[in-house]
Number of protein chains: 4
Amino acid sequence: VSFSLEDLEKIVASRAASGDAQSYTAKLFARGMEKAAQKLGEEAVETVIAAVAHPPKGLISESADLLYHLLVVLRLADIPLSDVLAELEKRTKETGLQEKASRPKD
Amino acid sequence: VSFSLEDLEKIVASRAASGDAQSYTAKLFARGMEKAAQKLGEEAVETVIAAVAHPPKGLISESADLLYHLLVVLRLADIPLSDVLAELEKRTKETGLQEKASRPKD
Amino acid sequence: VSFSLEDLEKIVASRAASGDAQSYTAKLFARGMEKAAQKLGEEAVETVIAAVAHPPKGLISESADLLYHLLVVLRLADIPLSDVLAELEKRTKETGLQEKASRPKD
Amino acid sequence: VSFSLEDLEKIVASRAASGDAQSYTAKLFARGMEKAAQKLGEEAVETVIAAVAHPPKGLISESADLLYHLLVVLRLADIPLSDVLAELEKRTKETGLQEKASRPKD
């Protein structure tokens, strides 16, 4: 794929900074963290419902909404996506080690 | 960053397929979509609380949990992350066009 | 108080049955369980945010929304509120007994 | 019904005040609003899943959990249940009036 979550992160940052009155992202930033977190929670509810009620219908679209709003929340908190990915990488390694340790002959 | 969400997607797929009784991912897959979706919803609640109550404390960790469980749900529904990213790319372009169209002189 | 949750349950049932095109409740029923459950989830997100971000501001209003949508979901599933209260009563007694049993001299 | 939400409210208040180390309610109060709100959010997720995935199975139990944790959150915010019921009564009347006004011949 050419498009990555990092690409979306850059677009979110750029639109947030634009103050463009036509931009949904800019408007969401203007409303602040509480509203952005609420939207994140709502998209999570819709993702959960799509997942259990009729997968895979709707799940691509709801997951996209969820990822977008997560990036908005992270930006509002001044957290780069790379920090979250570094945390995920760290856990993956730890889990790998734990799994290794727990198996007799590996 | 060296570590990407696509890397995590591969690890999730590999552990899901392993059936390793020590792997949290394998155990989550064995319990099925309803449990995975519940975990996704719970991590979203924790992300929302971290975002509004005490950002940025806890937000990196909760966002990591949320992304991981989203990848588990997508895998259970046989949806590749690239489909979600393609959807995000499409929307970004549409929004760009809409924003352009709505501004008189661009 | 004169007004009880049982009173609201009766009003919800009556409006659901009315098919009144002006009634929010009737419209919600027409859209079905998935939409009602989504609204329940969204109101829960708002209740959580009001609780952690700025209590008690907004918490009365969000709790009212949450209770109303819970009654809608219960009605759609043909579950009387009295069944839920009976379950709560049962647990309360069990917990009481457990607490008693765990204290040496009570 | 003999058991009401007001009865549960009194039990929650009494156990919260007890400081009893064996009481789940007392322990939840000791952990504070953020934890109580998290539990409320988690129970809402489970209620939503029970509602859309396999109603009515599990819905009585999850609704009971949700109501209990809502009462805990309200108590932590010093909001009496009667305030929430008064809000619900007020809305019900307003909606009734609106519905009346919107219908030509009532």
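Me: How many residue pairs are in polar contact across the interface of chain A and chain C?

Reply: In this predicted model, the rule finds 4 residue pairs in polar contact across the interface of chain A and chain C, both residues of each pair being at pLDDT 80 or more. By class, the side of chain A that touches chain C has 4 nonpolar, 3 polar and 3 charged residues.

Me: How many salt bridges are counted between chain A and chain C, and how many residues does the contact take from each chain?

Reply: The count of salt bridges between these two chains is 0. Chain A contributes 10 residues to the contact, and chain C contributes 10 residues. Together the two chains bury about 800 Å², with 67% of that area on carbon and sulfur atoms.

Me: Where is D:Glu46 placed, and which side chain of opposite charge is nearest to D:Glu46?

Reply: A salt bridge requires a side-chain nitrogen of Lys or Arg within 4 Å of a carboxyl oxygen of Asp or Glu. D:Glu46 lies in helix α3 of chain D, residues 33-53. D:Glu46 is buried yet has no salt bridge, and the nearest side chain of opposite charge, B:Lys35, is 6.2 Å away. A polar contact of 3.3 Å does join the side chains of D:Glu46 and B:Gln38.

Me: Is C:Leu28 buried or exposed?

Reply: A residue counts as buried under 20% relative accessible area. C:Leu28 has a relative accessible area of 4% and is therefore buried. This residue belongs to helix α2 of chain C, residues 24-31. Beyond its neighbours within four places in sequence, C:Leu28 is in contact with residues including C:Tyr68, C:His69 and C:Val72.

How values were computed
Residues are numbered from 1 along each chain as its sequence is written. Chains are lettered from A and ligands numbered from 1 in the order in which they are written. This is a predicted model: local features need pLDDT of at least 70, side-chain atom pairs count only at pLDDT 80 or more; totals for chains, interfaces and linings use all residues. Side-chain values use heavy atoms; hydrogens and water are left out. Contact means heavy atoms within 4.5 Å. Buried area is the accessible area (1.4 Å probe) that two parts lose on being put together, summed over both. A polar contact is a pair of N or O atoms within 3.5 Å; within protein, one must be able to donate a hydrogen and the other to accept it, and residues adjacent in sequence count only if both atoms are side-chain atoms. Ala, Val, Leu, Ile, Met, Phe, Trp, Tyr, Cys and Pro count as nonpolar, Asp, Glu, Lys and Arg as charged, and the others, Gly among them, as polar. Helices (H or I, at least four residues) and strands (E, at least two) are DSSP runs, numbered from the N terminus. Buried means under 20% relative accessible area, exposed over 50%, partly exposed in between (1.4 Å probe, protein chains only). Lys and Arg count as positive and Asp and Glu as negative; His and the chain ends are not counted.
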